[in-house]
Amino acid sequence: KVGIENVAFNAEVSLFPNPTQSVAHLQLKLDNARALSISVTDVNGRTVFTKPNMLYSAAKHTIDIPMHNLPQGNYLYRIDDADGKLMASGKLQKF
């Protein structure tokens, strides 16, 4: 689990497996419906995965992040609200 930086977000965020070789699963458990976008960048800031603004219901959601075509290394994921405000972020490792 990662720390939630905005208490008003009211969500649980977990990422597994981490490190991964093929697919990472970002799990969100939301108390309220919310429009969110999810992105993963490499250490040079290049976006390697994006899931643009989508409305998520108040429920548990699992977003699959394909990593099999990416080089070994460290990546950062972030979850933003519809206004581009950071809701949560963390590290993801490909081995």
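Student: In what order do the four strands of the open sheet come, and how are they paired?
Tutor: In this predicted model, the open sheet is built from four strands in the order β4-β3-β6-β7, with antiparallel pairing.

Student: Which strands are at the edges?
Tutor: The edge strands are β4, residues 47-56, and β7, residues 86-94; each of them pairs on one side only.

Student: What does the twist average from one strand to the next?
Tutor: The twist averages 15° from one strand to the next.

Student: How many bridges join β3 to β4?
Tutor: Strand β3, covering residues 34-42, is joined to β4 by seven bridges, and the two run antiparallel. Within β4, Phe49 is the bridge partner of Val40.

Student: Changing topic, where does Asp80 lie?
Tutor: Asp80 belongs to strand β6, which spans residues 73-81.

Student: Is Asp80 buried or exposed, and why?
Tutor: Asp80 counts as buried because its relative accessible area is 9%, and the cut-off for buried is under 20%.

Student: Which residues is Asp80 in contact with, leaving aside neighbours within four places in sequence?
Tutor: With those neighbours set aside, Asp80 is in contact with Ala35, Leu36 and Ser37, and also with Lys85, Leu86 and Met87.

Student: With which side chain does the side chain of Asp80 make a polar contact?
Tutor: The partner is the side chain of Arg78, at 2.6 Å.

Student: And how far apart are Asp80 and Asn53?
Tutor: Asp80 and Asn53 are separated by 27 residues in sequence, and their C-alpha atoms are 8.6 Å apart in space.

How values were computed:
Residues numbered from 1 in each chain as written. Predicted model: local features only at pLDDT ≥ 70, side-chain atom pairs only at ≥ 80, totals over all residues. Heavy atoms only, no water. Pairing = 2+ DSSP bridges. Axes fitted to C-alpha atoms, helices over the stretch in contact; angles between N-to-C directions. Buried < 20%, exposed > 50% of the residue type's maximum accessible area, 1.4 Å probe, protein only. Contact = heavy atoms within 4.5 Å. Polar contact = N/O pair within 3.5 Å; in protein donor to acceptor, adjacent residues only side chain to side chain.
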